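Please examine the sequence and the coordinates shown here before reading the report.

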Amino acid sequence: MHEDTAYPLYNRPWFSVWLDAGGNITMKGILAPAIKPFTSDLLDLFENEKPIGTIDANGMIVADGEQLIFSTWMPPIPSAAFDRLTRSQFNARLGKNTPDQVTISVTEECPNRCIHCALPDTDNRESLSPDAVKDVIDQVIGMGTTMIIFDGGEPMVYPKLAEVVRHVDPDKAIATVFTSGTGLTREIAESLRGAGLFAVNVSLDSPNPAEHDYIRGRSGVFDDALAAIKNSLAAGLLVDIYVVLSPMNIGDLKGFYSLAVETGVHELSFYEIVPTGRWINHESDVLSEEDRETLDSFVKWAADDGRVRVFSIPHAMKTTGCFAGRRWLHITPQGDVLPCACIPKSYGNIFEEKVRDIWKRIRKDPAYNVRTARSCLMRNPEFRRDLRL
């Protein structure tokens, strides 16, 4: 990629923002000084960052493509999907929020038994039909969504996964999948790539196989994860290692980083463990202030090292606040609509109402309009008390 080539982030008649492959931002136009504050959240993501790759006109990852990829968490630049994201960012500043990121749990089925799984134990083993999933996709894309995540349970056991992935219009949104890696063969990876899947998030809880298998509740799941990474990369997919940080693995940050380097993934993402789902009664078993300082130091170290892009969601939330009910939305296998996967409160059901109407109900709840909530709301004792947890 050529560092002197400029790519448009925003491109309007009176205001434009251009980004080069070195992460340098240039603002042009007579309205630039006035509009800059409205775009700060998005621009902060690119400050001093370099892209993780480029893609060509056929969507293939290449050395010198036509579009920049800065993260597995956002559309490529430039693209119609990214343009939709910038519009939603601007509108959010004006008080009109869009569910930019929608997670659809297509099935409860899963061969693992993760001790921190956010999905409540219903024992119903339910799944959404492909038609129901497609209808949700159409509805949320019509609302402005630019990222649709398929998860579970384990989405690899969902027989029609490629079919619902293919239903996501790449000109409007990117499609990604969260997986433990179980069942993600080379054949399935190529099928998903052919269906238009943008990226794969492979969950890891420890760089140590035995510890990871213990947390996931099944022997061999670490090997499944590594095989899934290898198969996804070979199929030409973007790959992210996704880690839920807890007191159990906060000391393994560099171990995760080394594993990311060794496997050749494009990104390493971190999230904090949330007292919800199977972890709902573990309010005290979360990251301490000392643990967060450890994460802070690691993020700075990783930025200097530069071999793998590290995306720390806790750090992003310090700037943006909690996205639940403001920018995130979650659909359960029963069709319930939640502000995010971690908040066990349904505001409606897709089989009874339109998603747009449910979203309006969520937006009327003042709990999701507080930008000062700098971490997950489920860590707030008052919020949990209001949910009667």
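## Basis of the model

This is a predicted model, in which local features need pLDDT of at least 70 and side-chain atom pairs count only at pLDDT 80 or more, while totals for chains, interfaces and linings use all residues. Residues are numbered from 1 along each chain as its sequence is written, and side-chain values use heavy atoms, with hydrogens and water left out.

Helices (H or I, at least four residues) and strands (E, at least two) are DSSP runs numbered from the N terminus. Residues are called buried under 20% relative accessible area, exposed over 50% and partly exposed in between, with a 1.4 Å probe and protein chains only. The areas themselves come from the Shrake-Rupley method with a 1.4 Å probe, and for residues only the protein chains shown count as cover.

## Aromatic pairs

Rings of Phe, Tyr and Trp (its six-membered ring) pair if their centres lie within 6.5 Å; planes under 30 degrees apart count as stacked, over 60 as edge-to-face and the rest as tilted. The structure holds 12 aromatic pairs. In one of them, the ring centres of tryptophan 73 and phenylalanine 178 are 6.0 Å apart and the planes stand at 65°, so this pair is edge-to-face. Tryptophan 73 belongs to the loop between strand 6 and helix 3, whereas phenylalanine 178 is in strand 9 (residues 174–179), so the contact ties together parts 105 residues apart in sequence. Tryptophan 73 counts as buried at 14% relative accessibility, and phenylalanine 178 is buried with a relative accessible area of 14%.

Tryptophan 73 also forms a tilted pair with phenylalanine 311, at 5.9 Å centre to centre and 55° between the planes. Because phenylalanine 311 lies in strand 13 (residues 309–312) and tryptophan 73 in the loop between strand 6 and helix 3, this pair ties together parts 238 residues apart in sequence. Phenylalanine 311 is buried, at 16% relative accessible area. Elsewhere, ring pairs link Phe256, Tyr257, Phe270, Phe298 and Trp301 into a cluster.

## Salt bridges

With a salt bridge defined as a side-chain nitrogen of Lys or Arg within 4 Å of a carboxyl oxygen of Asp or Glu, the count comes to 14. Aspartate 100 and arginine 327 meet in one at 2.5 Å, N to O. Aspartate 100 is in the loop between helix 3 and strand 7, and arginine 327 in the loop between helix 11 (313–320) and strand 14 (328–331), 227 residues apart. Both residues are buried.

Glutamate 272 and arginine 292 form a salt bridge at 3.1 Å, N to O. The former lies in strand 12 (residues 267–272) and the latter in helix 10 (residues 289–305), so the pair ties together parts 20 residues apart in sequence. Glutamate 272 counts as buried at 5% relative accessibility, while arginine 292 counts as partly exposed at 22%. Salt bridges with shared partners join Glu272, Glu289, Arg292 and Arg379 into one network.

## Surface patch and cis peptide bonds

Lys96, Arg356, Lys360 and Lys364 form a positive surface patch. Patch residues have over 30% relative accessible area and no salt bridge; like charges are joined within 9 Å, and nonpolar side chains (Val, Leu, Ile, Met, Phe, Trp, Tyr) within 5 Å. Lys and Arg count as positive and Asp and Glu as negative, with His and the chain ends not counted; charges are placed at NZ of Lys, CZ of Arg, CG of Asp or CD of Glu. Lysine 96 lies in the loop between helix 3 (80–93) and strand 7 (101–105) and counts as exposed at 57% relative accessibility.

The peptide bond from isoleucine 77 to proline 78 is cis, with omega near -5°; proline 78 is in the loop between strand 6 (67–69) and helix 3. The bond from glycine 152 to glycine 153 is cis, with omega near 15°.
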